[in-house]
Amino acid sequence: SYSWDNDDHKEWVRELATRLRKDGVAITLDQWHVIPGDQIPEFMERSVRESDYVLVICTHRYKARSDSRQGGVGYEGDIMTAEVMNNQNQRKFIPVLREQSWNESAPSWLAGKYFIDLSATPYSENQYQDLLTTLMGIRQEAPPVGSSVKLKVQPTPKPKKMAENKIKSFE
């Protein structure tokens, strides 16, 4: 999901999608999969519903359109928030920061999410690898929890009672 901010931005999105495809991720992108005569709203609905993940490319224009529910971005925002509400699958929607700061570019419904920061030019390879391993389902897992170790615990000595006169002077 992205806004058609300008031709450079559309090209950046296409290049990211191309790289992900070369790295083994099946990407559905309107620039390749929608042709004249297709129903764009139906394409958006089907793509969100049938995809394992949806990358949300966040820019300040995307935020403005999503938060005000304008145009295609606004319509997709409705589809995506309904998908979260109905299926409780928060991880399906992965925010990708493209420009500016997170606060300036994240729609309100994505504000608290862990996001991928690809805002630098060139973008961070570590951030790209974080995205790729997530999409491929090969993120590093936590090591197994070992068996419990029996510790010798020294009993804690009980405190001695204060003398009655010390307690009165303390009060």
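Predicted model: local features only at pLDDT ≥ 70, side-chain atom pairs only at ≥ 80, totals over all residues.

Trainee: Okay! How many helices and strands are there in the chain?
Mentor: The chain has eight helices and three strands. Those are DSSP runs, numbered from the N terminus: helices are H or I with at least four residues, strands are E with at least two. Along the sequence the pattern reads α-α-α-β-α-α-β-α-β-α-α.

Trainee: And how spread out is the chain?
Mentor: Its radius of gyration is 26 Å, well over the 16 Å that the globule rule gives for 171 residues, so the chain is more spread out than a compact globule. The radius is taken over C-alpha atoms, and the rule is 2.2 Å times the number of residues to the power 0.38. Along the principal axes, the C-alpha atoms fill a box of roughly 95 × 40 × 35 Å.

Trainee: What share of the residues is buried?
Mentor: Buried residues make up 33% of the 171. Buried means under 20% relative accessible area, exposed over 50%, and partly exposed in between (1.4 Å probe, protein chains only).

Trainee: Let's do helices. How do α1 and α7 cross?
Mentor: The axes of α1 (residues 7-22) and α7 (residues 125-136) come within 11 Å and cross at roughly 60 degrees. Axes are lines fitted to C-alpha atoms, for helices over the stretch in contact, and angles run from 0 to 180 degrees between N-to-C directions.

Trainee: Which residues meet there?
Mentor: L16, R19 and L20 of α1 meet E125, Y128, Q129, L131, L132 and L135 of α7; contact means heavy atoms within 4.5 Å. By class, that contact has six nonpolar, one polar and two charged residues. Here Ala, Val, Leu, Ile, Met, Phe, Trp, Tyr, Cys and Pro count as nonpolar, Asp, Glu, Lys and Arg as charged, and the others, Gly among them, as polar.

Trainee: Is L16 buried or exposed?
Mentor: L16 is buried, at a relative accessible area of 3%. Beyond its neighbours within four places in sequence, L16 is in contact with I57, L118, Y123 and Y128.

Trainee: New topic: how do α3 and α5 cross?
Mentor: The axes of α3 (residues 40-50) and α5 (residues 71-87) come within 10 Å and cross at roughly 35 degrees. On the α3 side the contact includes P41 and M44, and on the α5 side it includes Y75 and I79. The residues of this contact divide into six nonpolar, one polar and four charged.

Trainee: What is the phi of Q88?
Mentor: Phi of Q88 is near 55 degrees, a positive value in a residue other than glycine. Most residues other than glycine have a negative phi, and most peptide bonds are trans. Q88 is in the loop between α5 and β2 (93-97) and counts as exposed at 61%.

Trainee: And the peptide bond from T121 to P122, cis or trans?
Mentor: That bond is cis, with omega near -5 degrees. P122 lies in the loop between β3 (116-117) and α7.

Notes: Residues numbered from 1 in each chain as written. Heavy atoms only, no water.
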